[in-house]
Every structure is written in structure tokens, then in C-alpha cells.
Amino acid sequence: MTDVVERTPAQRHLYPRTVRFADVDSQGHVNNVRFLDYLEDARFGMFHIDPHNAGDEPFKGLVVTRHEIDYRRPLGFRAEPVSVETWVTEIRPVRFTLAYEIRDDDAVYVTATSVLAAYDVERAAPRRLSESELAYLKRFSA
């Protein structure tokens, strides 16, 4: 038996993200560094806001250990939000990998991945993902 779960296609978590004026640089598009804020906002929604709103325990003690991001096309200032779509591509006992697309109906602006590790803040050390955390992650891993 393996500790790795890898499946596709996955159910995606959808997070609408408004493009703020402060996100746009002097070239008229969202600055590359700001896209990491979009990913962070989507993760916060996925692991804290949505579980809380559903009456579940939000995740506690997650740290990002890696980001990889590909900029596909410029995203300019606009009134309508973009969607940050997030899904789980790999689950291990202590860490998991997320994939993202920042997109609208017409284009994909960014693709990215993040590796997150479960972390015990009190011990300042990695920890194993709980059964409830694993079950939640598997909802986003087909």
C-alpha cells in the first residue's frame, strides 16, 4: 500500500478574486508578484473560510514549502473578478500539492503549483495531516 494519492481530473475549489488597482503595475497589467497574493487568498478561502462557513474545523498549521508559477498572458485592471481555481494533485502523509489556474471564461492568465506541509506551531515541527484534513483534501482530488 502506498501513502501517495494521485488522481485526475479533480473537483476544483473556485475563488473569485477582484483585480485591485494596487495590483496593476506601470505596464498596465497585474504585477507578477501580486499573483502570489491571488494564490494565497484562494488558499485562505479553501482551507479557512469555506470550512468555517460549513461548520467544519479550518486547517491549522500549514506552511508553503514551494511555489512554481507560469505567466500565460497579461491580466489588466478590470471590473469583473477572475477565478482562482485550485485542486489537489498529490497527497502524502505530511504534505500535499495544489495546482491552480487564474482564469476567466476566455483565458488562462496563470498556472501554478504549491507544495504545503502540515506544521505543528507549538512544537515548531512538521506533523502528519489529520484524518479530517486528508478527507477534505481528497474532495479536491479526483
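This is a predicted model: local features need pLDDT of at least 70, side-chain atom pairs count only at pLDDT 80 or more; totals for chains, interfaces and linings use all residues.

**Entry 1: a loop residue**

I began with glutamate 122, which sits in the loop between strand S5 (108–120) and strand S6 (125–126). Residues are numbered from 1 along each chain as its sequence is written, and side-chain values use heavy atoms, with hydrogens and water left out.

Is glutamate 122 buried or exposed? I found glutamate 122 exposed, with a relative accessible area of 80%. My scale calls a residue buried under 20% relative accessible area, exposed over 50% and partly exposed in between (1.4 Å probe, protein chains only). I also looked up glutamate 122 against threonine 111: they are 11 residues apart in sequence, and their C-alpha atoms are 34 Å apart in space.

**Entry 2: the whole chain**

Next I listed the secondary structure and got two helices and six strands. Helices (H or I, at least four residues) and strands (E, at least two) are DSSP runs, numbered from the N terminus. Read from the N terminus, the order is β-α-β-β-β-β-β-α. The radius of gyration is 16 Å, close to the 14 Å that the globule rule gives for 142 residues, so the chain is as compact as a globular protein of that length. For that value I used C-alpha atoms, and the globule rule is 2.2 Å times the number of residues to the power 0.38. The C-alpha trace spans about 50 × 35 × 30 Å along its principal axes.

Of the 142 residues, 39% are buried. Among contacts (heavy atoms within 4.5 Å) with a separation of 6 or more, 65% come from residues 24 or more positions apart.

**Entry 3: charges**

I noted 19 positive and 23 negative charges, with mean positions 3 Å apart. Lys and Arg count as positive, Asp and Glu as negative, while His and the chain ends are not counted. Each charge is placed at NZ of Lys, CZ of Arg, CG of Asp or CD of Glu.

How many salt bridges are there? I counted 18, taking a salt bridge as a side-chain nitrogen of Lys or Arg within 4 Å of a carboxyl oxygen of Asp or Glu.

Arginine 17 pairs with aspartate 41, and their closest N and O atoms are 2.7 Å apart. This pair links distant parts of the chain, since arginine 17 is in strand S1 (residues 13–17) and aspartate 41 in helix H1 (residues 34–53), 24 residues apart. I have arginine 17 as buried at 4% relative accessibility, and aspartate 41 as partly exposed at 23%.

Aspartate 23 forms a salt bridge with arginine 20, with 3.4 Å between the closest N and O atoms. Aspartate 23 is buried at 0% relative accessible area, whereas arginine 20 is partly exposed at 39%.

Arginine 34 is partly exposed at 27%, and aspartate 37 is partly exposed at 25%. Through shared partners, salt bridges join Arg17, Arg20, Asp23, Arg34, Asp37 and Asp41 into one network.
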